[in-house]
Amino acid sequence: MPELFAYTDGACSGNPGPGGWGALLIARDGDKVVKTRELKGGAPDTTNNRMELLAAINALEALERPSKLTVITDSAYVKGGITAWLHSWKRNNWKTSTRKPVKNEDLWRRLDEANARHDVTWKWVKGHAGHPENERADELARAGMAPYK
């Protein structure tokens with residue numbers, strides 16, 4: 001059975017400003033790539049964090065059936081939110097530890113729902129560090145942003 005990976009990235013020109021998101025889905029059988037799928041999109045007036053979230057959301061929502069996969073992101077915000085902070089935000093009625101509303105609550109709710117349908121392992125990689133799949137996700141995010149610049 002092939003292993004499934006989703007490499008995700010967001011980009012923004014200005015923050016806020018025009019932005020894009022990209023996701024590279026790869027099915028591997030050992031070292032052999034069996035299948036790839038590229039996704040991208042953007043918005044005219046957004047933030048980098050919203051684009052990072054949308055990359056992960058769209059990667060998970062693109063899967064037609066519940067799957068076991070690893071999502072690799074260069075966003076500490078996305079990885080920290082989904083693996084550490086989300087449970088307390090939900091318990092505190094979508095408030096932070098300082099009792100402020102959680103930013104991007106709409107997207108966090110959507111990511112939580114998409115994540116719950118799958119068996120996901122979340123990993124962080126350093127961005128712009130020569131990781132080929134992360135670099136491709138970045139290229140897709142920039143291409144998703146291009147129509148809005």
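The exercises below treat a predicted model of one protein chain.

In this predicted model, local features need pLDDT of at least 70 and side-chain atom pairs count only at pLDDT 80 or more, while totals for chains, interfaces and linings use all residues. Residues are numbered from 1 along each chain as its sequence is written, and side-chain values use heavy atoms, with hydrogens and water left out.

**Exercise 1. Fold and overall dimensions**

Solution. 
1. Helices (H or I, at least four residues) and strands (E, at least two) are DSSP runs, numbered from the N terminus.
2. The protein chain holds 4 helices and 5 strands.
3. Along the principal axes, the C-alpha atoms fill a box of roughly 50 × 35 × 30 Å.

**Exercise 2. Surface, contacts and charge**

Task: Find what share of the 149 residues is buried and how far apart the centres of the positive and negative side chains lie.

Solution. 
1. Buried means under 20% relative accessible area, exposed over 50%, and partly exposed in between (1.4 Å probe, protein chains only). By this rule 50% of the 149 residues count as buried.
2. Accessible areas come from the Shrake-Rupley method with a 1.4 Å probe; for residues, only the protein chains shown count as cover. The protein chain exposes about 8,100 Å², of which carbon and sulfur atoms supply 48%.
3. Contact means heavy atoms within 4.5 Å. Among contacts with a separation of 6 or more, 66% come from residues 24 or more positions apart.
4. Lys and Arg count as positive and Asp and Glu as negative, without His and the chain ends. Each charge is placed at NZ of Lys, CZ of Arg, CG of Asp or CD of Glu.
5. There are 23 positive and 19 negative side chains, and the centres of the two sets lie 5 Å apart.

**Exercise 3. Asn104 and Leu107**

Task: Locate Asn104 and Leu107, and list what each touches beyond four places in sequence.

Solution. 
1. Asn104 sits in the loop between helix 2 (76–91) and helix 3 (105–116), and Leu107 belongs to helix 3.
2. Asn104 counts as buried because its relative accessibility is 15%. Leu107 is buried at 5%.
3. Beyond four places in sequence, Asn104 touches Asn49, Arg50, Leu53 and Tyr77. With that exclusion, Leu107 touches Arg50, Leu53, Leu54 and Ile57.
4. A polar contact is a pair of N or O atoms within 3.5 Å; within protein, one must be able to donate a hydrogen and the other to accept it, and residues adjacent in sequence count only if both atoms are side-chain atoms. One of 2.9 Å joins the side chains of Asn104 and Tyr77.

**Exercise 4. Trp124**

Task: Is Trp124 buried or partly exposed, and which backbone oxygen lies 3.1 Å from a polar atom of its side chain?

Solution. 
1. Trp124 lies in strand 5 (residues 119–124).
2. Its relative accessibility is 44%, so Trp124 counts as partly exposed.
3. Leaving out residues up to four places away, Trp124 touches Thr73, Asp74, Ser75, Ala76 and Lys79.
4. The backbone oxygen in question belongs to Asp74.
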